Amino acid sequence: LRVIQEVASLIGIVCYHKFLKNVPFRTVFMVSTIVSLLLNSTQLLLVTRVNTAMGIPDKAFAAGDGLIVQAILELQQMPMLVLACRLCPQGVEGSVYALVMSVINMGYVVGSQWSALLMWALG
């Protein structure tokens, strides 16, 4: 699955560069957030086994879902990274990139911890 996610990241970067580079940041954020919300809810289909009723094996569904979700996540991150690079002083782009990626990764960690706590609380 990790290889599929890395390929999806590349697809997201290429899609942003080819199609969304001139689209306003707010539009990209809003559309990608809504699409991400809808696609992340497809995990419910996997848990409730609706995918097997539709004739899609679990591994294929998980791989396809992971590919699409990762590409959308990359589309969400690209405008933020581009904006951060435009705003930062020359010569510190690497530090700003590291800071932005650290904040994003911290958000993922905190989100997964809250999810685990909520699942534990709900049984």
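Trainee: Is the crossing of α1 and α5 left-handed or right-handed?
Mentor: The crossing of α1 and α5 is right-handed. The term means that the near helix is turned clockwise from the far one by less than a right angle; anticlockwise is left-handed. Keep in mind that this is a predicted model, where local features need pLDDT of at least 70 and side-chain atom pairs 80 or more, while totals for chains, interfaces and linings use all residues. Residues are numbered from 1 along each chain as its sequence is written, and side-chain values use heavy atoms, without hydrogens or water.

Trainee: What makes α1 and α5 oblique to each other?
Mentor: Their axes cross at roughly 45 degrees and come within 7 Å. Under 35 degrees is roughly parallel, over 145 roughly antiparallel, 65 to 115 roughly perpendicular, and the rest oblique. α1 and α5 are therefore oblique.

Trainee: Which residues make that contact?
Mentor: Among them are Ile4, Ala8, Ile13 and Tyr16 of α1, and Leu67, Ala71, Leu75 and Val82 of α5. Contact means heavy atoms within 4.5 Å. By class, α1 with α5 has 13 nonpolar, five polar and one charged residues. Ala, Val, Leu, Ile, Met, Phe, Trp, Tyr, Cys and Pro count as nonpolar, Asp, Glu, Lys and Arg as charged, and the others, Gly among them, as polar.

Trainee: At what angle do α5 and α6 pack?
Mentor: About 145 degrees, with their axes 10 Å apart. The crossing of α5 and α6 is right-handed. Leu73, Met80 and Leu81 of α5 and Val96, Ile104 and Tyr108 of α6 are among the residues in contact. The contact of α5 with α6 has 10 nonpolar, one polar and no charged residues.

Trainee: How many helices and strands does the protein have?
Mentor: Six helices and zero strands. The pattern along the sequence is α-α-α-α-α-α. The C-alpha trace spans about 55 × 35 × 25 Å along its principal axes.

Trainee: How much space lies in the largest pocket?
Mentor: About 310 Å³. It has 16 lining residues, and the closest to its centre are Arg2, Gln5, Val69, Gln70 and Leu73. The elements giving two or more residues to the lining are α1 (2–20), α5 and α6 (93–122).

Trainee: Which element gives the most to the lining of the largest pocket?
Mentor: α5, with seven residues. By class, the lining has four nonpolar, eight polar and four charged residues.

Notes:
1 Å grid on protein atoms, 1.4 Å probe; cavity = no way out; pocket = protein on both sides within 12 Å on 5 of 7 lines; lining within 4 Å. Points joined across faces, edges and corners; volume = space filled by probe spheres on them. Helix = DSSP H or I, 4+ residues; strand = E, 2+ residues; numbered from the N terminus. Axes fitted to C-alpha atoms, helices over the stretch in contact; angles between N-to-C directions.
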